[in-house]
Amino acid sequence: VTSWNHTVVTYFEFLPFSSIPEIQGSLFCLVLLMYLSTLVGNILIIMITVIDAALHSPMYFFLKNLSFLEIGYTTSTIPKMLVNFLTKRKGISFLGCATQMYAFSLLGITECCLLAAMAYDRYVAICHPLRYTTMMSWNMCFLLSAVSWLTGVLVALEQTTFIFTLPYCGPNRINHFFCDLLPLLKLACVDTYKNEIITYIIAVLCVMVPFLLIVVSYVRILHTILKMPSAGGKRKTFSTCSSHLFVVTLFYGSGIVTYLRPKAFYSSSSNKLLSLSYTLMSPMMNPLIYSLRNKEVKQALKRLIAKNTNT
C-alpha cells in the first residue's frame, strides 16, 4: 500500500467544462437554475411527506429518503462547479478532493441501494398485498434504509482510501467538473490497470447488484399485473410504480453508461455530459416525476397549498 507521504500533488485543477469561453456565463446560469430547481423540488417532496398524514407510509418514507439523498448528491458537486465557472483558478485541495469524492460516492451508492429497497416495496405491495403491512413494517423500512446508508458509508470509505493512497506526483489537471474515480486514476503516477479492475468490480457489485434486484422485482410485478382481469386494474396498479420506474431508468441509464462502458468508448467530453445528467438532471426530474405522475402526491400538494392560502 502506498503511503500518504508519497503524494506530491496537494492541489487539483479542473479543466473548463467547455472549451468555448463565451458560453461559460450561459452555462453558469443554466446549471444554477437547474440546481435551485433540484433543491426546491426535493425540499417540497420532503415537506409534503412529513406534513401530510396520508403520505405516512413505507413508499413515501423511502421517497423522503431519496429526496434527502438527491439534495446531498447534487450539493456535493454542483456548488463547486458553479464557483469554478466564475473563477480563473478552477481547483480544489487534495483533502477537499478526497472529501468531495467520498461524499459523492457515499450518496450515489446509497441511492443505488435505496432504489432497490423502493422496488422491493412496490413488489410486496403489488404481489403480496394482503401481507404488505407485515412484510413492510416500519422496522423493515428502517432496516432497509439503514443497510442502504451503511453500504454507502463503507464502500465509499474503501473506494476513497483506495484512490487517494495512490501516488500523485505529476499532472494535477482533472478533465472533469468534480473529483470522480476514472479521471483521478488517469493522474496517478503508477500503472493503474489493477486499480481500474478493482474499481469495475466494486461498480458491478454496488451498481449492478441493486439494479438486478430492481429488474427481478419488476419482472415479478409485471407478471402479477398481466394476470389481472381488467385493463383498468392493470393501469391503476402499474401507475403506483411507474414513477419509481422512470427514476430508476434516469439514474441507472446514465450511471451504467458512464462507469461500466468499455474503456475504448470513454471520452472526457461525453463523460462530463453523462455525469451532469445523473448528478443534476436526474435529481431535478425526480420531484417532477413523482408530483406529475402520482395522484397522492398531487393531492397532498393541493392540500398544502390550500392550507397555506387559508391561513
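Colleague: Which residue forms a salt bridge with Arg173, and how far apart are the closest N and O atoms?

Modeller: Arg173 pairs with Glu13, with 3.9 Å between the closest N and O atoms, where a salt bridge is a side-chain nitrogen of Lys or Arg within 4 Å of a carboxyl oxygen of Asp or Glu. This is a predicted model, in which local features need pLDDT of at least 70 and side-chain atom pairs count only at pLDDT 80 or more, while totals for chains, interfaces and linings use all residues. Residues are numbered from 1 along each chain as its sequence is written, and side-chain values use heavy atoms, leaving out hydrogens and water.

Colleague: How many salt bridges does that rule give?

Modeller: The count comes to three salt bridges; one of them joins Asp52 to Arg303, the closest N and O atoms being 2.9 Å apart.

Colleague: Is Asp52 buried or exposed?

Modeller: Asp52 is buried, at 12% relative accessible area, whereas Arg303 is partly exposed at 39%; buried means under 20%, exposed over 50% and partly exposed in between, using a 1.4 Å probe and protein chains only.

Colleague: What about Asp121, which residue does it form a salt bridge with?

Modeller: Asp121 forms a salt bridge with Arg122, with the closest N and O atoms 3.0 Å apart; Asp121 counts as buried at 1% relative accessibility, and Arg122 counts as buried at 8%.
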